[in-house]
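Thank you all for coming.

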Amino acid sequence: MRFIVSTSTLLKQLQAVNGASSSSTVLPILENFLFEIKDGSLTISATDLQTSMTTSLPVESKEDGKVAVPSKILLETLKTLPDQPVAFSVDAQTFAIEISAGDGKYKLSGENGEDFPKIPTVENASSVSMPASVLAEAINKTIFAVSNDDLRPAMTGVFCQLSPQNITFVATDAHKLVRYRRNDTKSDAAASFILPKKALTLLKASLGSDDSAVSLEYNSTSAFFRFGNINLICRLIDERYPDYEDVIPQSNPNKLTLDRSQFLNSLRRVVIFANKTTHQVRLKINGSELNISSEDVDFSNEAHERLGCQYEGEDMEIGFNAKFLIEMLGNLEGDEVTLEMSTPNRAGLLIPQTNNDNENVLMLVMPVMLNNYA
């Protein structure tokens with residue numbers, strides 16, 4: 001088997017799917033790309049058995065065949081080569097691979113492509129289509145709130161709810177929660193499933209910010225994304241997602257509205273002086289003035305800042321983990337943000353003041369018990 005392809009074209013496609021491969025000691029073949037040539041088209045596959053990615057590109061070839069190529073050494077070689085045609089020759093018996101590029105010849109040992117795990121297909125699937133920009137935005141807005149706690153597997157992914165009215169994406173780690181809803185993207189049928197974090201991270205890296213369509217097919221076990229010449233298939237998290245709507249407080253009479261970037265920068269400064277374990281900051285609201293303070297008693301560090309704000313409601317003091325607030329404010333857009341609260345021991349809601357009817361973002365953050373310093 002022999003084929004010729006441009007180094008830059010091949011490298012770009014390999015980098016697009018490389019994240020799906022695995023450094024598995026149990027199945028060493030997962031450290032390889034599967035190269036499959038059929039009718040002048042090269043299909044490249046990578047998988048860790050939970051998530052698989054494939055891409056294809058045209059090559060110069062007169063014969064069909066397949067071989068598993070070690071991913072690390074191939075990527076490292078291509079990165080150092082200039083953009084030029086590169087020829088691959090594969091011995092059909094031993095799967096030895098010879099790469100010829102310019103004046104260089106490189107030999108490495110491949111494996112039988114037949115031993116590579118079969119890339120799954122989605123059967124009996126329902127489907128929905130959405131612009132790449134919508135899916136990319138949904139992932140950006142939610143993935144930071146996904147839990148890393150393997151003892152609560154449902155929370156280690158993003159919950160996706162499809163309905164004829166809208167599409168909703170939810171992520172939570174029990175300390176913070178994000179609900180991202182799009183009213184301009186709908187599904188004919190109602191459905192819900194949990195997408196794993198790794199697959200979403202790979203999608204985030206591959207999706208464009210344009211309006212090209214992404215096709216999402218899904219059944220009870222898997223989801224299949226197609227866009228451009230890339231296919232990504234992942235196994236869904238087979239767990240029941242927590243009833244997140246019950247956690248969102250409905251009555252929040254205390255509404256604090258302030259400049260998002262001012263609030264964010266103030267928190268970034270004040271948290272430097274906070275306890276390094278709790279990252280606790282105190283928000284004290286009196287009329288149209290917000291006092292943000294932190295203290296680390298062990299090191300006699302403290303910080304106080306004052307911000308102008310608009311406020312409706314009773315004067316109050318409430319404590320938050322500043323790291324969570326900083327993450328959330330950094331993932332919101334718009335000049336102003338409203339923090340809606342009811343009491344110092346109930347969750348606060350962060351809502352951006354944007355005028356986009358198609359996009360609805362709500363972020364929830366749990367308060368922390370305040371220490372009794374003045």
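Predicted model: local features only at pLDDT ≥ 70, side-chain atom pairs only at ≥ 80, totals over all residues.

**Helices, salt bridges and one threonine**

H5 passes H6 in a left-handed crossing, where left-handed means that the near helix is turned anticlockwise from the far one by less than a right angle, and right-handed that it is turned clockwise. Residues are numbered from 1 along each chain as its sequence is written, and side-chain values use heavy atoms, with hydrogens and water left out.

Let me stay with the helices for a moment. Two packed helices are described by the angle between their axes and the distance between the axes. Helix H5, which covers residues 260–270, packs with H6 at an angle of about 150°, with the axes 10 Å apart; axes here are lines fitted to C-alpha atoms, for helices over the stretch in contact, and angles run from 0 to 180 degrees between N-to-C directions. On the H5 side we find Arg 260, Phe 263, Leu 264, Leu 267 and Arg 268, and they meet Leu 325, Ile 326, Leu 329 and Gly 330 in H6, where contact means heavy atoms within 4.5 Å.

The next pair is helix H1 (residues 7–17) and helix H2 (residues 71–80), which pack at an angle of about 140° with their axes 10 Å apart. H1 is therefore oblique to H2, given that angles under 35 degrees count as roughly parallel, over 145 as roughly antiparallel, 65 to 115 as roughly perpendicular and the rest as oblique. The crossing of H1 and H2 is left-handed, and the contact is made by Thr 7, Leu 10, Leu 11, Leu 14 and Gln 15 of H1 together with Leu 74, Leu 75, Leu 78 and Lys 79 of H2.

Then we have H3 and helix H4 (residues 197–206), packed at an angle of about 130° with their axes 10 Å apart, which makes H3 oblique to H4. Here the contact is made by Leu 135, Ile 139 and Asn 140 of H3 and by Leu 200, Leu 203 and Lys 204 of H4, and the crossing of H3 and H4 is left-handed.

Now to the charged side chains. How many salt bridges does the structure hold? There are 16 salt bridges, each being a side-chain nitrogen of Lys or Arg within 4 Å of a carboxyl oxygen of Asp or Glu. One of them joins the side chains of Lys 141 and Glu 137, at 2.4 Å from N to O, and because these two residues are 4 apart in helix H3 (residues 132–142), about one helical turn separates them. Lys 141 is buried, with a relative accessible area of 4%, and Glu 137 counts as buried at 17%; buried means under 20% relative accessible area, exposed over 50% and partly exposed in between, with a 1.4 Å probe and protein chains only.

Another salt bridge brings together the side chains of Glu 327 and Lys 176, at 3.4 Å from N to O. This pair links distant parts of the chain, with Glu 327 in helix H6 (residues 322–330) and Lys 176 in strand E14 (residues 176–182), 151 residues apart. Glu 327 is partly exposed at 30% relative accessible area, whereas Lys 176 counts as buried at 4%.

Arg 179 forms a salt bridge with Glu 245, the closest N and O atoms being 3.7 Å apart. Arg 179 lies in strand E14 and Glu 245 in the loop between strand E18 (230–235) and strand E19 (254–259), so the pair ties together parts that are 66 residues apart in sequence. There is also a network of salt bridges that links Glu 36, Lys 66 and Glu 114.

Finally, the threonine. Is Thr 55 buried or exposed? Thr 55 is buried, with a relative accessible area of 1%, and this residue lies in strand E4, residues 51–58. Leaving aside neighbours within four places in sequence, Thr 55 is in contact with several residues, among them Val 17, Leu 42 and Asn 229.
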